[in-house]
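Hi,

Here is the structure I said I would pass on to you. Have a look at it first, and then read on for what I found in it.

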Amino acid sequence: MGPGGTARPSATRAGLRVLGVAIRREPWVFTLATLGSVLFGALTVADAWVLGWATDHVVLPAFRDGEIGAGVLVAVVALFVGVAILRAVGIVARRLGAGIMQYRMEAHDRRAVTRQYLALPMSWHHRHPTGVLLSNANADVQAAWGPVAPLPMAVGTVAMMVIAVVQMVVTDLVLALVGLLVFPAVIVVNLWFQRVTSPLMTRVQELRGVVSEIAHESFDGALVVKTLGRESEETERFRQRSEELRDVAIRAGRLRAAFDPILNALPNIGVLLVLVVGVARVLDGSSDPGAVVTVAYLLTVVAFPIRSIGWLLGDLPRSVVGYDRVRSVLHAEGGLEFGDDRLAGHGPGARLEVENVRFGYAAGAPVLRDVSFAVEPGRTVAVVGPTAAGKSTLTSLLTRLVDPEAGALRVDGTDLRDLAYGALADAVAVVPQTAFLFDDTVRGNVALGLDVDDAEVWAALETAQAADFVRRLPAGLDTELGERGTTLSGGQRQRLSLARALVRRPRLLVLDDATSAVDPEVEARILAALRRDEPGTEPGTTLVVVAYRKATIGLADEVVFLDEGRVVDQGPHDELLARNAAYAQIVTAYDHDPAEEALR
Amino acid sequence: MSTTTPDPGRARAATAVVSGEEIGAIETIRRGVRHSPELAHGIRVTLLLAALSTAGQVVVPVAVQQTLDRGINAPGGTDVRFTVVMALLATLAVLVTGLASYLMTYRLFRAAETGLSSLRVKAFRHVHDLPLGTQDTERRGSLVSRVTSDIDQVSQFIVFGGVLLVVSVGQVLVATVVMAIYSWELTLVVWVCFAPLFLSLRYFQRRLSEAYGVVRRQVGLMLSAIAEPVVGAAVVRSYAVEGRTQARIDTAIDTYRGAAVRAQGFTAVSFSLGGISAGLANAGVIVIGVLLGIAGRMTAGEILAFAFLVTLFVGPVQMGTQILTDAQNAIAGWRRVIGLLDTPAELVDPGPSGSDLPDRAVDVELDGVWFAYPGGDAVLRDVSLRIAAGRRVAVVGETGSGKSTIAKLLTRLVDPTSGAVRLDGVDLREVRGASLRRRVVLVPQEGFLFDDTVLANARYGDLGADESRVLAAAAEIGLDDWIAGLPDGVHTQVGQRGESLSAGERQLVALLRAHLADPDLLVLDEATSAVDPALEMRINRALERLMAGRTAITIAHRLSTAEKADEVVVVDAGRIVQHGPHAELVAAEGSAYARLHASWVAQRAVAS
């Protein structure tokens, strides 16, 4: 038994709740589709009536009189075709309605799920693999709303069923009760089916997620797979999970294979029971043959609704599993709270304060401890430190990808947590270590929704040293870059990412080792252009640079030297060099010739 | 210099992944079954069971009808014996039918899941066998959907629709035969009334197949849009572009929804046509039946019995047409998978007839190599180059000069448009794939890691290596103390794409992986991202030891790398403009290399 098998009281009840959600969300489409279904049901009955009418008014008189009028024949054709056309209208209304409803539900959940992906904190993303998130937004959403398609049909046929049952009871109560034994039997079969398939369906959905995750990861690392010739091993890894999925699917399929014939057989068995009991009742005179025939016929009429409801119920376990997996994303918590304060979008550089900041990704393992420093408007600070000193974490805090556990970060005196949504991005831009490009044009990637004209985009590209290669692209600014900009080299991606920050003319710019693709000379020019530090003018952009190059460090007004999550020292580069041996060692290490080092 | 191709600078048309959309439905099924032979395993028994269950589906209602007419409602009073015997026989028929459908469905299910699972694996493998350039023509999400949701569509169809389709077609045939026994004239009438439906089916199938083709394509685009905020989560947040990103996703979601509803509309209309045909058939049977009756060729009872048989014909026809329309979605998915398998794995492995590379450092030769990316201009023009075994060479040049393409040619990620790449005198195209991958290793710019431990990622270079061998290899290139410093040592999890490690640390793992692979030709695409100095030193030390005793070609982005190399190759605009030792090239005044070097020296000065 899987996790869902015993803990949940009833997959059917849960499944009906899921359907309730769909009906409440799309009442009008549902009504339209159901009306279509009722129209269809009514006209199916009307079809039988037309046949009866034709027998009485056309067939029998024709044989009696030996002739037939053309008018009556036309009437027969008109009646049959008229009913058929109306029935077709019913079908179109039901199917189109059901389709619209199903796809709207899917679209609604996909929008909701992706909104969650955008709103949930980075820590949540780190815990959830890409492939699973994709599976949640695709296969799980699809599974959840699968039963919406047969729903209007099932609801519509309920009306048909009620009419038939009432007629049966009125005709012969005892025979009706015998015939209706089919209903508890169908319910028992359904309950059995739900119980045994729920855990299998859960597993199938999980495995679909796993298989998709492996494919995603493996295709992402296609270059490594190819260059090391590991295609066979990767295929083996994929095969194992794929075959596991196959085996569970076959086990679930075996149950389904038993379920459908039983569902088909039950109404037939009901009819045969009615016939046998009916014969006995006819013999002892408590019923007449006509009543037996009527009840048996009505039972065949309800057989179809029973089956369509059975199909609907049969789809429910899978639906519940998908729905629950989608809900687990929608109910995940931990989005950032925003205040109402705003910052000036343009103008002189911003002042940054970091005060007693503590932060860790896991409890009891702080990455930053009691970090404090301030950057005056227009100044440039280089953050220097060995691996795992907490430099990149600091940039995450500065752009509020995460909030500190203790202490505060302030821009122009305002705590980042008091800023309105989007206010921080108006004034602060970050260029991350690894550039991420969207599946969009060059212009779209640089402007990223900001209302700027082409001249400004070109100016930013020029500054970021990207203008030359962009001019060489087939469609210039309008060139589509493809998923994650795979058509460009790493350095080109980094320069576009830099241009994206520059075009915003931020008041505080955070560069997380973001200029490694441009040579130091150009880097110096970029930084100088931002600083605008001629005497008498307003201070230019404030810069925080996570630096690895001595050249970059040399450009900073001040250095914050981080080690093991603490600010070890702070001051101008020359002073630190003179007074801090650890700092001197790290900075000068870059100038060592590693070859000689290795030989020594 | 020695090319004979008329226009070596131009490449053939772009080799994109084949969409498969032009493959016909029958062709798709035929080829689909050929790709998954398991689908046809035991098909005879399955079809026999299908026939049994089909016959049962017709026999049971006829038996019930007979019991009512000739047993309970018999003209001479209720016939108890007949009724009970018929009821028992019908019960038997119900049970046999049920058992036959169970066995048939289960067998189909097993065949479908087995066949499609092997198709999935085959398609997965094929993605890896595609040339790099082809892989890059398609979004990753789209490639993933070809091995996941596209195949799921096929399996769902075969399992749920396929069974019903087989049964429905069988029922139509059985009903036709039974009808013809009653009256061939009326049977003809029924078929004539359904003829427009059967004839229009092709038209609708075509429209539906187009509509569902669009649906499957939109699924791929939608998945790709949904992947973006997941993979680019940090950038989306720091630029506060959630709204814009969401708008783009919403567009993709809604475009997909629109396409799906459109396809559903076609389905609904084509399905409803069956009902209209049924109305026509009923009317036709009554009218023609009456006319035949007046002519003395039918009785009233026969006409009514025939009308009952028509319902047994109409039901499965409608079911069948509905399934055929549902099939379009599945076939669209199947096409995309077959299209993928049709995409040539261009770089043909010569297989067993190919040569093996010798187990020692190799010499390298590029002979009159031209190369152009599909549909693009030449990026390498008539490049000839010889590198002796065991030499350490740096290839330098501006972005776009073609230097990265040289790395791809040497590792046979691409083949030259003309000319040849030879290792130890053997054309790379004649080297067995397995031998090539063992002897030649590329360390890419960004060291992609799998979501696993450091150990597992390192072992990717040599699957036979145990933990102690990995640790020994780490010690050989000076990474032992770094590994010891990791939270769980060699068992530390690296996270998705290795993102729990820093960029520099990912490179260390990539170097360890390359060292374990123990190649004779090492091709390094130097990383551009700078790392902190201590790590940089460690990387350099590891690189030094990795290159020892091997032919090593580095695509250099730093001149310090060039300075340390035995030889430097300078590439400019697709041609080799200089080749020689660093000192010599620097001395050549006014040369490209001298200019590069001067600017580098100037940069160093800025720092101190």
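Let's begin with the domains of chain A. The centres of domain 1 and domain 2 of chain A, taken over C-alpha atoms, are 60 Å apart. Keep in mind that this is a predicted model. In the domain assignment, domain 1 of chain A covers 3-330, and domain 2 is made of 352-432 + 507-593.

Next, the place where the two chains meet. Chain A puts 140 residues into the contact and chain B puts in 139 residues. On the side of chain A that touches chain B, helix α11 (residues 231-283) of chain A gives the largest share, with 29 residues. That side of chain A is made up of 81 nonpolar, 31 polar and 28 charged residues.

Helix α3 (residues 27-65) of chain A packs against helix α9 (residues 242-294) of chain B at an angle of about 15 degrees, and their axes are 9 Å apart. Because that angle is under 35 degrees, α3(A) counts as roughly parallel to α9(B). The crossing of α3(A) past α9(B) is right-handed. From α3(A), the residues involved are Leu51(A), Ala54(A), Val58(A), Val59(A), Ala62(A) and Phe63(A), and they meet Asn282(B), Ile286(B), Val290(B), Gly293(B) and Ile294(B) of α9(B). By type, the contact of α3(A) with α9(B) has nine nonpolar residues, two polar and no charged.

Now a helix pair inside chain A. Helix α6 (residues 130-145) and helix α12 (residues 289-330) of chain A pack at about 135 degrees, with axes 6 Å apart. That angle makes α6(A) oblique to α12(A), and α6(A) passes α12(A) in a left-handed crossing. Among the residues making this contact are Asn136(A) and Asp140(A) of α6(A), and Arg318(A) and Tyr323(A) of α12(A). Seven of the residues in the contact of α6(A) with α12(A) are nonpolar, three are polar and three are charged.

Finally, a sheet in chain B. Four strands form an open sheet in the order β2-β1-β4-β5 (chain B), with antiparallel pairing. β2 (378-387) and β5 (426-427) of chain B are at the edges, each with a single partner strand, so one side of each has no neighbour in the sheet. Strand β4 (residues 418-423) of chain B pairs with β5(B) over two bridges, and Leu423(B) stands opposite Val426(B) in β5(B). Helix α11 (residues 403-410) of chain B packs on this sheet, where it touches β1 (364-372), β2 and β4 of chain B.

Cheers

How values were computed:
Residues numbered from 1 in each chain as written. Chains lettered and ligands numbered in written order. Predicted model: local features only at pLDDT ≥ 70, side-chain atom pairs only at ≥ 80, totals over all residues. Axes fitted to C-alpha atoms, helices over the stretch in contact; angles between N-to-C directions. Parallel < 35°, antiparallel > 145°, perpendicular 65-115°, else oblique. Left-handed = near helix turned anticlockwise from the far one by under 90°. Contact = placed C-beta atoms within 7 Å. Nonpolar A, V, L, I, M, F, W, Y, C, P; charged D, E, K, R; others polar. Pairing = 2+ DSSP bridges. Domains from an automatic or database assignment.
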